[in-house]
Amino acid sequence: MKNNHKMEIIVKDIPEEGLELDFDAGRTPWFLQVLRDALGKQHAKEDRAQGHLSLLRIGENIDCEGRVECDCHPTCCRCLKVFHHHLDVPVHQILAPLYESERQLKLEQKEEVELVKEDLEFAYYENDRFDLGDMVREQIILSLPLQPLCQEACKGLCPVCGKNLNEGPCQCKARDVQTRRIPLKAFKRG
Ligand SMILES: [Zn+2]
Ligand SMILES: [Zn+2]
C-alpha cells in the first residue's frame with residue numbers, strides 16, 4: 001500500500017524544465033503530516049501553513065529552492081505562556097546522489113567554492129529517489145528557536161510565587177525591595 005504521507009520524488013521523473021510544487025496544510029496530506037511530525041502540538045488545526053518549492057535537475061544533482069511558511073504556537077521558555085509565532089523557512093538545498101558524494105564534495109571544494117553561499121546546503125539521495133517530506137520536515141525543525149521567547153524582553157515568572165511578571169510585579173518582589181532598602185538607609189544615616 002502506498003503511504004500517502006510520503007512525498008516521494010523520482011529523480012528521472014523531474015522534467016527538463018523543472019518541477020514546481022505548491023502545498024498547503026489544508027489540502028496536502030503529506031505536508032500536514034510533516035507539520036505534525038515537526039511541530040507536534042505547536043501546530044493547531046486552524047494554523048495556516050503553505051509552501052512552494054522548485055526542483056531543478058542539474059546533471060545528477062537536484063537544486064531544491066523555495067520557502068515554507070507556517071503559524072505555530074510554541075511555549076515561552078521563560079514565562080511558559082503559549083504564544084503565536086510565524087515561521088518563515090527559506091529552503092535552498094542541493095541533493096546529490098549518494099554514490100557520488102565523495103566526488104561531489106571534491107568538486108564542490110575545487111570549482112564551486114565561490115558559488116556556495118552560506119544558506120546553501122547539501123544532502124544526498126539514494127536509488128534515484130528521495131522523500132521531499134523528509135527534507136521539508138528537517139528544514140522546519142532546524143528553523144525552530146531552541147529557546148522560544150514570547151518577546152525579547154520577557155520577564156518570566158517570579159521564582160517565589162510563580163506570577164507571570166509580564167503582567168505586572170508581584171507582592172514578594174515589592175517586599176524584597178523594601179527589606180533591601182532598610183539597611184542601606186541605616187548605613188547612610190550612620
Ligand atoms: Zn515569555
Ligand atoms: Zn512573586
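Reply: First, the metal terms. Donors are N, O and S atoms within 2.8 Å of the metal (3.2 Å for Na, K and Ca), and water is not among the atoms, so sites may look incomplete. Four donors count as tetrahedral if all angles lie between 85 and 135 degrees; four count as square planar and six as octahedral if opposite donors are over 155 degrees apart and all others between 65 and 115; anything else is irregular.

Me: And the ground rules for the model?
Reply: This is a predicted model, where local features need pLDDT of at least 70, side-chain atom pairs count only at pLDDT 80 or more, and totals for chains, interfaces and linings use all residues. Residues are numbered from 1 along each chain as its sequence is written, chains are lettered from A and ligands numbered from 1 in the order in which they are written, and side-chain values use heavy atoms, with hydrogens and water left out.

Me: OK, what geometry does the zinc ion (ligand 2) have?
Reply: Tetrahedral, with angles of 105 to 117 degrees among its 4 donor atoms. For reference, the ideal angle for four tetrahedral donors is 109.5 degrees.

Me: Which atoms coordinate the zinc ion (ligand 2)?
Reply: Cys158 (SG), Cys161 (SG), Cys170 (SG) and Cys172 (SG), at 2.0 to 2.3 Å. Along the chain, the donors of this zinc ion (ligand 2) follow the spacing C-x2-C-x8-C-x1-C. Cysteine 158 and cysteine 170 both sit in the loop between α3 (132-143) and α4 (171-189), so the pair ties together parts that are 12 residues apart in sequence. Helices (H or I, at least four residues) and strands (E, at least two) are DSSP runs, numbered from the N terminus.

Me: Is cysteine 158 buried or exposed?
Reply: Cysteine 158 counts as buried, at 8% relative accessibility. Cysteine 170 is buried as well, at 5%. Buried means under 20% relative accessible area, exposed over 50%, partly exposed in between (1.4 Å probe, protein chains only).

Me: Now the zinc ion (ligand 1), what are its protein donors?
Reply: Cys76 (SG), Cys79 (SG), Cys150 (SG) and Cys154 (SG), lying 2.2 to 2.3 Å from the ion. The 4 donor atoms subtend angles of 107 to 115 degrees, which makes this arrangement tetrahedral. The spacing in sequence is C-x2-C-x70-C-x3-C.

Me: What does the pair of cysteine 76 and cysteine 150 tie together?
Reply: Parts that are 74 residues apart in sequence, because cysteine 76 lies in the loop between β4 and β5 and cysteine 150 in the loop between α3 and α4. Cysteine 76 is buried at 1% relative accessibility, while cysteine 150 is partly exposed at 24%.

Me: Zooming out, how many helices and strands are in the chain?
Reply: There are 4 helices and 7 strands, running β-β-α-β-β-β-α-β-β-α-α from the N terminus on. The chain has 190 residues, and buried ones make up 36% of them.

Me: Which residues touch the most other members of the largest nonpolar core?
Reply: Phe31, Leu39, Leu55, Phe130, Leu132, Val136 and Ile140, out of 33 residues in that core. A nonpolar core is a set of buried Ala, Val, Leu, Ile, Met, Phe, Trp, Tyr and Cys residues joined through side-chain atoms within 4.5 Å. The largest share of this core, 6 residues, comes from α1.

Me: So which residues are buried in α1?
Reply: Trp30, Phe31, Val34, Leu35, Ala38 and Leu39. They cover an arc of only 140 degrees around the axis, which puts them on the same side of α1 (the arc is that of the directions from the helix axis to the C-beta atoms). The buried residues of α1 pack against β2, β3, β4, β5 and α3. Just after α1, glycine 40 takes a positive phi of about 55 degrees.

Me: What does alanine 38 touch?
Reply: Arg137, Ile140, Ile141 and Leu144, not counting residues up to four places away in sequence. Contact means heavy atoms within 4.5 Å.

Me: Last one, where does glutamate 16 lie?
Reply: In the loop between β1 (8-10) and β2. Glutamate 16 is exposed, with a relative accessible area of 69%. Leaving aside neighbours within four places in sequence, glutamate 16 is in contact with Leu56 and Arg57.
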